[in-house]
Amino acid sequence: MNTEQLIDMLKADLEPARPGGLAGTLAAAMTVGAVAAFVLMLATVGPRADLESAPHIKWVALKVIFALSVVGTGAPLMYRSIRPGLENEMRWSLAFVPFLVAIAAAVAIAFAEPQTLTAMLRGATTISWVRCLSCIVFFSALPLGAVIYALRQGAPTRLRLSGAFAGLVAGGIGAAAYAFNCTSDSIPFIALWYGLAIALCAVIGAQLGPRVLRW
Amino acid sequence: MPAVGIDETELLSPTRAAAPIVRPDGEAFASNARAEGTSPLSMEEEVQPHQHDLRALMIAGLDGDPEAYRALLKRLTAHLRAYYRRRFAQLGHGPTEAEDLLQEVLLAIHTHRDTYDRHQPFTPWLHAIARYKFLDYLRRTKSSYRHLPLESAEEVVAGSDIDAMESGLDLQRLMLKISAKARQVIQYVKVEGMTVSEAAKRCKMSESAVKVTVHRGLKALAMQIRRESRA
């Protein structure tokens, strides 16, 4: 078949494009991933026992806000990264903003109360940081799969970058789910271990990107 | 689609790492594209009309105008043919490979046309896809990409070549690998020139089912082409 015939064939498959279809797919994938991560959290570690008391609720809320701010900054960048021609113009460093804010808050607290810093970084128990890292990565697996599926509907041309954003967003969702279980209530803990766990997810996503996002 | 792993060590081997352009996922292009974006483009006046017309045709095509879409694809074919022949010549590859890749890219443009944002310029979108597919082609055929010069987005429409070349891919044969129903619908609409509603009546399917079948068939075909040219 020559190229001329191919063009005729493609012309026959002309359906007006649905504007916003791609964004809708991504939003749906993130929602499905978030529900899956939350259910997985309930089914495995479960929510913290003292969830009813007001001060504890506040800490859960703070962790969820941090995690969702990562998702909120990452998702638009991820969306742009699968639209050819926009992928090089985006300010992808915006994705660092939530982390920098958390680190700045942690540093301020470290200066204010230097004697308790070690305890705050250590968390509630000696294995808190291990739990934090492994649970967040674990809970982010399903959202990552969902988001990657959605990204494949677009046209990523920088696979590593799109993969990293997918990991970042999935890590944020996983962190939001883990926040309901986590009993280490301090800002330095959140900045260090939540930040590291989400960054780890982004690295995993970047590694997967060139393999799973090719088209 | 089968996920094909990329051997990182190969990509980072000393000879290839020496050239900034080798990263097949386009990472290394970011700085180039940005740097070129700020420099005044000598070809700008020549390129602007292309940009304008192509974008208008693309938008009409997205709105469902088949003749505008056909005109667009014909124009893109000429541009991409010139672009790929030039690039392949730099690598010592022939025009047949360029034509194969051209067909793959036309299909890719078609199946991913909803990723174009109609408020944005058209050429960067086209160039990003053309460049991605070129690098993907080099990677899966394990070609060396050491001697590739830097390029700007406008290069993709800088030339035009209507001198068609028979592709090395046998699309008729590849079409046998997609589902019989999809093949039949595509044949009706393409070979016999039926409208979608006529084909729908003939196949006793709804119009939207015909559209979906054709659409899926083309996606499957795109995958077959990709698989074929990897071999």
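Of the 215 residues of chain A, 51% count as buried. The model is predicted. Chain A holds nine helices and zero strands. Its exposed surface comes to about 9,000 Å², with 72% supplied by carbon and sulfur atoms.

**Chain A: fold and extent**
- From the N terminus on, the order of elements is α-α-α-α-α-α-α-α-α.
- The C-alpha trace of chain A spans about 75 × 35 × 25 Å along its principal axes.
- Take the contacts in chain A between residues at least 6 apart in sequence: 85% of them join residues at least 24 apart.

**Chain A: charge**
- Chain A carries 15 positive and 10 negative side chains.
- The centres of these two sets lie 7 Å apart.

**Helix H9 of chain A**
- H9 covers residues 187-212, which is 26 residues.
- From first C-alpha to last, H9 reaches 35 Å, close to the 38 Å expected at 1.5 Å a residue.
- A:Ser186 caps the N-terminal end of H9(A).
- In this cap, a side-chain oxygen of A:Ser186 lies 3.2 Å from the backbone nitrogen of A:Phe189.
- An α-helix has 3.6 residues a turn, so residues three or four places apart point the same way.

**Chain B: a positive phi**
- B:Lys204 has a phi near 55°, a positive value in a residue other than glycine.
- Most residues other than glycine have a negative phi.
- B:Lys204 sits in the loop between helix H10 (196-203) and helix H11 (207-230) of chain B.
- B:Lys204 is exposed, because its relative accessible area of 77% is over the 50% cut-off.

Notes:
Residues numbered from 1 in each chain as written. Chains lettered and ligands numbered in written order. Predicted model: local features only at pLDDT ≥ 70, side-chain atom pairs only at ≥ 80, totals over all residues. Heavy atoms only, no water. Helix = DSSP H or I, 4+ residues; strand = E, 2+ residues; numbered from the N terminus. Expected span 1.5 Å × (residues − 1). Polar contact = N/O pair within 3.5 Å; in protein donor to acceptor, adjacent residues only side chain to side chain. Buried < 20%, exposed > 50% of the residue type's maximum accessible area, 1.4 Å probe, protein only. Contact = heavy atoms within 4.5 Å. Areas by Shrake-Rupley, 256 points an atom, 1.4 Å probe, with all protein chains shown as cover. Lys, Arg positive; Asp, Glu negative; His and termini not counted. Charge placed at Lys NZ, Arg CZ, Asp CG, Glu CD.
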